[in-house]
Amino acid sequence: MHFKSFVTFSLFLLTGATLSLSAQARPLKETLFSQGMPTAETVDLWNKTPGTRNYRIAAGDPTTTDLEALLKLQNADRLEIGVLRYPFPSESAAWKKLASRGAQINIIEGILPSPEGLKFLDSLGFKKILFVITGPQEPSFAAALETLHAEVALTYAGRAYPKYLDKDSWTAIPARVPLNIATDFWPGYTQMDLLNILSMPQTIRVRDMFPPDDTFPYLLNIKKLQWVTLDTDFDPWDQGAVWKKFGAMKVRWNRRGIVPSEDVLRAFAESAPSELRSLVIDTENELSSEERARLERLPIPVEWLHGTY
């Protein structure tokens, strides 16, 4: 996967640092993902669609006109807007209006702004901000995250884990700022050892790889690991036995493509108490009535993530 695509994927299919896992079974939750800013006509169409849903917008480099079109969106339970750069002062009015409506901004700049830049961002009034970084940051910039009034989270989309060489950068991150690591391999001893000296809550998302058996002793001993997300377009090779190896760790499975069989879904849902498991079905296909019923019978939270109508 191209690196930029990997970063975008890590952000928009993952907001793990800002979402919580719940033990309460619930009806299927719908999240609509838009690649690019919607037009005013698209927003009008969304408003006419029955029910409410979450919206994730991969906005790229939106104009003020683009942002103002989103202000007409009426049926969003949650609205996340992902941008490739930090907002400009000329866009302040539009961003402030979106922030006042509860929108979350996800910034894929790759680096943190200076303390002065953070002060401007804070002035926009967002309650939630997600920064995507692609490497270790200037320690003083990381420490300045403490000054934000917003609920802040970091996603490290560098296809790696924090390294001892850059320890000062990672230890500077405030303890209140969750760190999500989006990568394509599971931690070993070295990764576990460094993560255990960091003070913030941590989550890990791994793409297209179930953990080998020799990974679990390290994975299960990361002290501040809140949950893991497995992102695959295939089912476990061992009829679901791998899920039980996670034990009491919280696990989210992002299953791309088709809806798995009843047996596969049940093996996942029943591998631990319901508060420890959640499922995302990431498919462009419309769910059949049988698939929807299959998912809604599960005793765990289930989200249907799909593209625009």
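Author: A residue is called buried under 20% relative accessible area, exposed over 50%, and partly exposed in between, with a 1.4 Å probe and protein chains only. The model is a predicted one, in which local features need pLDDT of at least 70 and side-chain atom pairs count only at pLDDT 80 or more, while totals for chains, interfaces and linings use all residues. Residues are numbered from 1 along each chain as its sequence is written, and side-chain values use heavy atoms, with hydrogens and water left out.

Reader: Is leucine 124 buried or exposed?

Author: Leucine 124 counts as buried because its relative accessibility is 3%. Its place is in the loop between α5 and β5; helices (H or I, at least four residues) and strands (E, at least two) are DSSP runs numbered from the N terminus.

Reader: What does leucine 124 touch?

Author: Taking contact as heavy atoms within 4.5 Å, and not counting residues up to four places away in sequence, leucine 124 touches Pro87, Ser92, Trp95, Lys96 and Ala99. Its C-alpha atom is separated by 8.8 Å from that of serine 100, 24 residues apart along the chain.

Reader: Which residues of helix α4 are buried?

Author: In α4 (residues 92–100), Ser92, Ala94, Trp95, Leu98 and Ala99 are buried. They are on the same side of α4 because they cover an arc of only 165° around the axis, the arc being that of the directions from the helix axis to the C-beta atoms. The face turned away from the buried side carries the exposed residues Ala93 and Ser100.

Reader: What do the buried residues of α4 pack against?

Author: They pack against α3 (64–70), β3, β4 and α5. After α4 comes glycine 102, with a positive phi near 95°.

Reader: And α5, which of its residues are buried?

Author: Those of α5 (residues 115–123) are Leu118, Leu121 and Asp122. They cover an arc of only 100° around the axis, which puts them on the same side of α5.

Reader: Why would residues three or four places apart point the same way?

Author: An α-helix has 3.6 residues a turn, so residues at that spacing point the same way.

Reader: What covers the buried residues of α5, and what sits on the face turned away?

Author: The cover includes β4 (104–110), β5 (128–133) and α6 (139–143). The opposite face of α5 carries the exposed residues Glu116 and Lys119. Just after the helix, glycine 125 takes a positive phi of about 90°.

Reader: How many residues of β6 are buried?

Author: Five of the six residues of β6 (residues 151–156) are buried, so the strand is largely enclosed by the rest of the structure. Two strands are said to pair if DSSP finds at least two bridges between them. β5 and β6 pair in the parallel sense over six bridges, with valine 132 opposite threonine 155 in β6. Three bridges join β6 to β7 (residues 179–183), and these two strands run parallel; leucine 154 stands opposite leucine 179 in β7.

Reader: Changing topic, what is the volume of the second largest pocket?

Author: On a 1 Å grid over the protein atoms alone, a pocket is an open set of points where a 1.4 Å probe fits, with protein on both sides within 12 Å along at least five of seven lines; lining residues have an atom within 4 Å of a point. Points are joined across faces, edges and corners, and a volume is the space filled by probe spheres set on them. The second largest pocket has a volume of about 170 Å³. Of its 13 lining residues, Leu73, Ala76, Leu79, Arg101 and Ala103 are the closest to its centre.

Reader: Which strand gives the most to that lining?

Author: β3 (residues 76–83) gives the most to the lining of the second largest pocket, with four residues.
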